[in-house]
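Hello,

Here is the structure I said I would pass on. My notes on its salt bridges follow below it.

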Amino acid sequence: MSTVLDRTRAVAEPSGVPGASELLTPDVLEFLTELHQRFDARRRSLLAARGDRQERLDAGEVPDFPEATRDIRESEWRVGEIPPDLQDRRVEITGPTNAKMVINALNSGAKVFMADFEDATAPTWDELLQGQLNLRARWQGTLGFTDPASGKQYRLNDNPAVLIVRPRGWHLDERHLTIDGEPIAGGLFDFGLYFWHNAKAAIAAGSGPYFYLPKLESRFEAELWSEVFSIAETKLHLPRGTIKATVLIETLPAAFEMDEILFALREHIVGLNCGRWDYIFSYIKRFGRDPSRLTPDRSAMTMDKAFLAAYSLRLIATCHRRGAFAMGGMSAFIPVKGDEAANQAAMDKVRADKQREVGNGHDGTWVAHPALVPVAIEAFAQMQGPNQLDKVPPQVPGRDEMLEMHQGARTEGGARENIRVGVQYIAAWLSGRGAVPLYNLMEDAATAEICRTQLWQWLRFEAPLEDGRKFDRALFEQLFEEELAAIPDQPHLDEAAGLFRRMILDPDVEEFLTLPAYPLLN
């Protein structure tokens with residue numbers, strides 16, 4: 001059954017990026033218009049359903065595995081065929097889509113590079129379009145970069161990593177492209193533009209149109225992506241299931257619907273990923289009004305304990321039962337220059353983290369810097385074969401383990417760190433940088449989300465600190481002023497500080513910091 005498109009005009013803002021007109025062709029705009037008309041109303045309805053679920057959680061509902069989908073969880077079925085170039089994903093590197101990063105990541109020795117239009121990108125119009133051009137150049141064989149300062153040239157080697165693209169989540173709009181005066185969904189824009197220009201070239205090169213899907217909260221949101229994929233495949237006359245996706249399980253509600261998400265996308269899905277930092281953020285956000293779930297310092301919430309360990313093990317068991325890959329989480333460490341002891345300590349932490357993942361049964365892991373690739377590869381060398389699809393944890397955590405709170409202290413130092421990291425990240429984001437090195441870690445939006453929601457939660461309940469004080473308004477304001485005064489002057493610092501402070505003091509927790517920050521982005 002075909003759907004007749006309304007007579008519509010898609011309007012794209014002009015850009016100074018050379019070659020941008022080659023992206024936003026009439027055929028592409030028609031395709032994006034069709035995606036918008038078919039799916040935007042449903043997207044908005046699903047976002048409203050998130051709010052309804054939050055109201056139920058605030059009223060005391062406890063997350064659980066849905067009774068309505070028990071048959072999906074208990075019956076036997078498997079996901080579709082996984083392409084050869086996605087069979088070995090033991091180390092994946094992630095980062096933004098600027099040319100130097102894309103080349104270095106593809107050349108890094110990692111099996112996969114996830115080019116990120118989401119948390120590692122500040123979505124300025126020029127940045128998005130240049131990123132799309134860089135990815136198109138990869139498939140056209142023309143990608144290159146010359147450092148203007150050093151004159152050093154960067155080119156792809158003969159065996160680059162497999163390319164996977166992460167579009168934005170369902171909650172984000174793209175205001176620079178409107179259809180009948182309405183902004184298109186950022187995720188549809190990112191997906192549609194990349195798919196249209198690169199799907200056939202990627203297939204011809206022995207790969208395919210591969211995607212990471214972020215921030216899903218339900219099987220219904222997964223079903224929406226499945227329908228988007230099917231329409232896109234039909235549009236380019238590709239067989240059903242050509243598009244392959246990995247879903248990040250980085251929200252608390254999604255963790256209780258992993259079977260259902262795999263089932264909804266079973267023609268297209270190849271695995272799930274532990275999006276650990278956003279998962280902490282989601283846990284705090286969804287339980288933010290429950291005083292019994294006050295979190296300790298974020299440094300105390302590690303993947304070997306409590307709800308993080310439980311959800312990682314359940315993800316492995318769920319994926320492997322269905323023939324899908326279970327990807328581990330991000331190591332955000334970057335090399336510590338000028339301090340060999342500190343650098344070695346950081347590498348040791350990465351090694352231990354990755355050894356835990358491979359020992360538990362994960363099929364691969366993430367790193368944020370090329371220097372971490374050899375460390376992760378060494379850790380995953382103990383894996384027999386290209387993956388561990390036959391390995392299932394001896395015990396699968398249930399609901400109570402999935403909700404178990406991490407233990408640990410709340411400290412002044414933890415609060416101060418949240419302030420300085422959160423403010424500096426937002427300032428960098430407003431300056432157009434989504435991946436930011438801070439204190440020997442490569443941070444993206446997920447870290448800033450933890451920082452501000454944790455402070456919001458502590459302040460809401462005047463949480464007791466380790467030294468006996470309460471984290472009340474006066475203490476927050478004191479620490480905020482002191483930390484802000486110590487941050488070196490930089491562009492957008494005042495805007496970032498004002499936004500960060502407002503989100504902490506707001507009686508309601510903002511769903512995503514990028515929503516109020518987006519109008520401030522040039």
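Arginine 469 is partly exposed, because its relative accessible area is 32%, which falls between the 20% and 50% cut-offs. Keep in mind throughout that this is a predicted model.

Arginine 469 forms a salt bridge with glutamate 412, where the closest N and O atoms are 2.5 Å apart. Glutamate 412 belongs to helix H15 (residues 412-430), while arginine 469 sits in the loop between helix H16 (445-460) and helix H17 (473-486), so this pair ties together parts that are 57 residues apart in sequence. Glutamate 412 is partly exposed as well, with a relative accessible area of 26%.

Aspartate 467 also forms a salt bridge with arginine 469, and here the closest N and O atoms are 2.7 Å apart. The relative accessibility of aspartate 467 is 48%, so this residue counts as partly exposed.

Elsewhere, salt bridges with shared partners join Asp116, Glu118, Asp119, Arg166, Lys215, Glu250 and Asp278 into one network.

The structure holds 58 salt bridges in total. One of them is between the side chains of arginine 322 and aspartate 259, at 2.9 Å from N to O. Arginine 322 is in the loop between helix H11 (306-321) and strand E12 (325-331), and aspartate 259 is in helix H9 (residues 258-264), so the pair ties together parts that are 63 residues apart in sequence. Are these two residues, arginine 322 and aspartate 259, buried or exposed? Both are buried, that is, under 20% relative accessible area.

Regards

Conventions. Residues are numbered from 1 along each chain as its sequence is written. This is a predicted model: local features need pLDDT of at least 70, side-chain atom pairs count only at pLDDT 80 or more; totals for chains, interfaces and linings use all residues. Side-chain values use heavy atoms; hydrogens and water are left out. A salt bridge is a side-chain nitrogen of Lys or Arg within 4 Å of a carboxyl oxygen of Asp or Glu. Helices (H or I, at least four residues) and strands (E, at least two) are DSSP runs, numbered from the N terminus. Buried means under 20% relative accessible area, exposed over 50%, partly exposed in between (1.4 Å probe, protein chains only).
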